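Please keep the sequence and the model at hand while reading.

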Amino acid sequence: MIFLFSISSCHVGEKVFDGKFVVENYDYVPFITDLPFFADELELFSDGTFKSSYWGTGDYEIESSQITLDYKKRGSIRGSARFSLRYEMGRVEEIILFDLEGHVYKRIE
């Protein structure tokens, strides 16, 4: 079994991670306060960095079915968030924020 890793295209084997995602199904009364409740756009870049109007900028790491965002937002606030991933045909299609409400980042590009 051969696994290929290419930092320049952010692929592990046949999995594709980089792309643009937008928040869907955020129109419910939240009890998890540190999630975006507007149509935030998250862009994952092939160099392992990301940007978002909610999370700010930072680095991401993907391990199997989980993504960790290490972020810096509003100047000095730093943190880390971990979410589950949903793949389709070897490509990340959704980043699950709160599965029971269908609150996800959905791939748009």
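## Basis of the model

The model is predicted: local features require pLDDT of at least 70 and side-chain atom pairs count only at pLDDT 80 or more, whereas totals for chains, interfaces and linings use all residues. Residues are numbered from 1 along each chain as its sequence is written, and side-chain values rest on heavy atoms, with hydrogens and water left out.

## Overall composition

The chain contains 0 helices and 11 strands. In this account, helices (H or I, at least four residues) and strands (E, at least two) are DSSP runs numbered from the N terminus. Read from the N terminus, the order of elements is β-β-β-β-β-β-β-β-β-β-β.

Of the 109 residues in the chain, 38% are buried. Buried denotes a relative accessible area under 20%, exposed one over 50%, and partly exposed the range in between, with a 1.4 Å probe and protein chains only. The accessible surface of the chain is about 6,600 Å², and carbon and sulfur atoms contribute 53% of it; these areas come from the Shrake-Rupley method with a 1.4 Å probe, and for residues only the protein chains shown count as cover. Among contacts (heavy atoms within 4.5 Å) with a separation of 6 or more, 34% link residues 24 or more positions apart.

Two strands are treated as paired if DSSP finds at least two bridges between them. Strand S6 (residues 49-52) runs antiparallel to S7 and is joined to it by 4 bridges. Lys51 stands opposite Thr57 in S7, and the hairpin of S6 and S7 has 3 residues between the strands.

Strand S7 (residues 56-63) in turn pairs with S8 in the antiparallel sense over 7 bridges. Glu63 has Gln66 in S8 as its bridge partner. The hairpin of S7 and S8 has 2 residues between the strands, and Ser64 adopts a positive phi near 60 degrees there. On to strand S9 (residues 77-88), S8 makes 8 bridges, again antiparallel. The hairpin of S8 and S9 has 3 residues between the strands, with Arg74 in the turn at a positive phi of about 45 degrees.

Ile67 is located in strand S8. With a relative accessible area of 1%, Ile67 is buried. Leaving aside residues up to four places away in sequence, Ile67 touches Leu44, Tyr60, Glu61, Ile62, Ala81, Arg82, Phe83, Leu85 and Ile95. The C-alpha atoms of Ile67 and Ile96 are 9.6 Å apart, while the two residues are 29 residues apart in sequence.

Thr68 also belongs to S8, which spans residues 66-73. Is Thr68 buried or exposed? Thr68 counts as buried because its relative accessibility is 14%. Beyond residues up to four places away in sequence, Thr68 touches Asp59, Tyr60, Glu61, Ser80, Ala81 and Arg82.

## Salt bridges

Side chains of opposite charge can pair when their charged atoms come close. With a salt bridge defined as a side-chain nitrogen of Lys or Arg within 4 Å of a carboxyl oxygen of Asp or Glu, the count is 7 salt bridges. One of them joins Arg91 and Glu93, whose closest N and O atoms are 2.6 Å apart. Arg91 is partly exposed at 34% relative accessibility, whereas Glu93 is buried at 13%.

Glu94 forms a salt bridge with Arg86, with 2.4 Å between the closest N and O atoms. Glu94 is buried at 12% relative accessibility, and Arg86 is partly exposed with a relative accessible area of 33%. Glu94 also meets the side chain of Lys106 in a salt bridge of 3.5 Å, N to O. Lys106 lies in strand S11 (residues 103-107) and Glu94 in strand S10 (residues 91-98), so this pair ties together parts that are 12 residues apart in sequence. Lys106 is partly exposed at 29% relative accessibility. Through shared partners, salt bridges join Arg86, Glu94, Asp99 and Lys106 into one network.
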